[in-house]
Amino acid sequence: MLILIKGGRVIDPGNLDGIMDILIEDGKIKEQGSGIRGQGSGVEKQGLGVSQGLGIGGQNSKLKIIDASGKFVVPGLIDMHVHFREPGHEYKETIKTGCLSAAFGGFTAVCTMPNTNPVTDNAQVAEYILKKARLANTVRVYPVAAISPGLKGKGLCEYGELKEAGVIAFSDDGNPVVDSQLMRRALEYAKGFGLPIISHCEQLDLVAGGVMNEGALATRMGLAGIPNAAESIMVMRDIALCELTGASLHIAHVSTAESVRAIRDAKKRGIPVTAETAPHYFSLTEKAVEEYNTNAKMNPPLRSEHDRKAVLEGLSDGTIDVVATDHAPHSSIEKEVEFDRAANGIIGLETSVSLSLKLVQNSIISIVDLVEKMSTNPAKILGLDHGIKKGKPADITIIDPDITYKVDAAGFQSLSRNTPFDGWDMKGKAILTMVGGNVVFER
Amino acid sequence: MRFTKKDILDMESLSVDEINLILNTANRMKEISIRPIKKVPTLRGKTVVLFFHEPSTRTRISFDIAAKRLSADSLSISANSSSIVKGETLADTVRNLEAMNPDIIVLRHSFAGTPHLLARLVKSSIINAGDGMHAHPTQALLDLMTVREKKGKISGLRIAIIGDISHSRVARSNITGFTKMGAEVVIAGPLTMIPKGIESLGASVRYNVDEAICDADVIMMLRIQKERQKSFLFSTEREYSKVYGLTQERVENARSDVLIMHPGPVNRGVEIACEVVDGPYSIILDQVTNGVAVRMALLYLISGGTRNADTD
């Protein structure tokens, strides 16, 4: 079975950039270059369009051609921060619906956070997730396991056994690791297995019941505020521990100017820290919570315009390595309630590419930078062998930068609808997602 | 002028004209409460649900009396008598209430923005009787009414609000209400209790109580809650009353025509001295009296009444 992706701008940062063709055979990249002609007899389909169920007929008997002219052809996007609610809260999202949502958003792989129920703190839960992912047979799922049993911050999980089960990073995401000694030991212990620690930075004493960004708007709305320092204090602590241990540390969902500055300084000094932000932190400010909009309630909270600009700078100068969505599905049971009681988080998989393309449209970063932040860098941090290279699995995303549309949350693949971006006008989106040569989404 | 608002959610959403209409209507309503027969048939056949999701005595009784004096049927539900203790969401509880066709739901809730949530969900009118730290519009209106009654005006006056501004919905609604009506509002209290960006509501901050009250026409003291000590907002009640409390000595140094207000409940001897509560400048009980009149006015106006209530 042969697939030829023709005439797109192939961007694999540090490897390829140019108009070329990619030939895929049996799920693997066979060749890339210009003017490739498939060797199969008879072309089955022209234009952008490949039906699923490849492999019908004899090997090499058919050639499918995907016309990608005017499109970006990039190594499969990786969202290294999602919450699929299985096991535990399958009414919000299952691994199957989460994977579909990822595929529709242009992602070929996701990292699922461990705050499931039971918590992903042992090999059995990790294996269960991977089994469900195999059954879903859509995108690749890499489970992140807990740093500490039950996310309680009292001890270390069995990192060795978890790694063997298929876990690729550790995080107590949702909860900070309060105990600095535990954080130090987790970094050291994980380093021994060659896996990174992903840190959710939040000083709970300073959060003190806060539900939105601290400032004039919170004061006017009568809501308790969360100061920027609640995040940056722990970012600074973790950078100090990263320096102490030399272990690989990834800071999740950076939202404040102070955090960006601390990470920038740390990188200048050669400390092996990496960082991500989410599309909502560069697309929205605290103003989105006006009218007590629970679909704009998240943790860390949406911040001020000053912070949003600092996040943009961090993206632009490379301080922030990764765009990850923190896809956090919740139903109306958690969201159609009093603002203080509403659950934190929004879904992001199906809006991430379009929101991130706005960065390119607004000349904040280049399209190459974008591919780095959504594919190359997550792969590097997670130690995944990734990219458009001969012999590699064909994990490929095709992005149409010109297509315009209006976000319609009701049509999402995700089981949940908690997005503040419903109705937004977008330009550009993923139009085809291919995992190991299988087209898992096509517009 | 016709009153067209469906809900009374906060002072921000009321215009100067609407506030004046409410206060003028309240002035007329006030007389009903001193008649021998304190009842007019104006809201006969209207149903007013008093949904108090947080303990309250004064405000709930004030609304109840207001509804009854206008002949509306009023009934009270509290959080522990409602299905919320059985795990029903607030939205569902209110949708069920709505199904029984009440006209007005008066809501008190410990979380900010809850009246706004319900106003989006139901067709009944929602009156906010206090939501978390956000707003207490009926308190601000009764305070405006009381000051206007005593001073003959609001515009140009200087109002000093002293105490825990951070946790006070009364402070927020009064800052918005008094500045909207042309008064100047200064606030003072421990800096731990002055929330970030409060100036954006129109108040100016003083670090020192004496400075804040020296030429104030009105001094409004806020209740200090003892449990705030645990979150490090103040040192001791002893020091609080000395540095931030309204002592007799401070009143003596204030303007000779100063008015002393307090939304209650009062902590005698903590934020305000006993002799000040009971003294000649105190209009604390006038506030309570006017509370009934303001709430009658709101129930009447929001029901879309066009006749003058007191002509019935």
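A contact, as the word is used in this report, means heavy atoms within 4.5 Å.

## Basis of the report

This is a predicted model, in which local features need pLDDT of at least 70 and side-chain atom pairs count only at pLDDT 80 or more, while totals for chains, interfaces and linings use all residues. Residues are numbered from 1 along each chain as its sequence is written, chains are lettered from A and ligands numbered from 1 in the order in which they are written, and side-chain values use heavy atoms, with hydrogens and water left out.

## Chain A as a whole

The secondary structure of chain A consists of 13 helices and 19 strands, where helices (H or I, at least four residues) and strands (E, at least two) are DSSP runs numbered from the N terminus. Taken along the principal axes, the C-alpha atoms of chain A fill a box of roughly 70 × 45 × 45 Å. For 443 residues a compact globule would have a radius of gyration near 22 Å, and the 21 Å of chain A agrees with this; the radius is taken over C-alpha atoms, and the globule rule is 2.2 Å times the number of residues to the power 0.38.

Of the 443 residues of chain A, 62% count as buried, a term that stands for under 20% relative accessible area, whereas exposed stands for over 50% and partly exposed for values in between (1.4 Å probe, protein chains only). Among the contacts in chain A with a separation of 6 or more, 73% are between residues 24 or more positions apart.

## Chain B as a whole

Chain B has 11 helices and 9 strands, and its C-alpha trace spans about 55 × 45 × 35 Å along the principal axes. With 312 residues, a compact globule would have a radius of gyration near 20 Å, and chain B, at 19 Å, agrees with that value.

Buried residues make up 58% of the 312 residues in chain B. Where contacts in chain B have a separation of 6 or more, residues 24 or more positions apart account for 73% of them.

## A helix pair in chain B

Helix α3 (residues 90–98) of chain B and helix α4 (residues 114–121) of chain B have axes that come within 10 Å and cross at roughly 50°; these axes are lines fitted to C-alpha atoms, for helices over the stretch in contact, and the angles run from 0 to 180 degrees between N-to-C directions. α3(B) and α4(B) are therefore oblique to each other, since angles under 35 degrees count as roughly parallel, over 145 as roughly antiparallel, 65 to 115 as roughly perpendicular and the rest as oblique.

On the α3(B) side the contact is made by L90(B), A91(B), V94(B) and R95(B), and on the α4(B) side by T114(B), L118(B) and L121(B).

## Backbone features in loops

The peptide bond from E86(A) to P87(A) is cis, with omega near 0°, and P87(A) lies in the loop between β7 (77–82) and α1 (95–105) of chain A. In chain B, a cis peptide bond joins G264(B) and P265(B), with omega about -10°, and P265(B) is placed in the loop between β9 (259–261) and α10 (274–277) of chain B.

Although A208(A) is not a glycine, it has a positive phi of about 40°; A208(A) sits in the loop between α5 (204–207) and β12 (212–213) of chain A and is exposed, with a relative accessible area of 58%. N101(B), also not a glycine, has a positive phi of about 55°, lies in the loop between α3 and β3 (104–109) of chain B, and is exposed at a relative accessible area of 59%.
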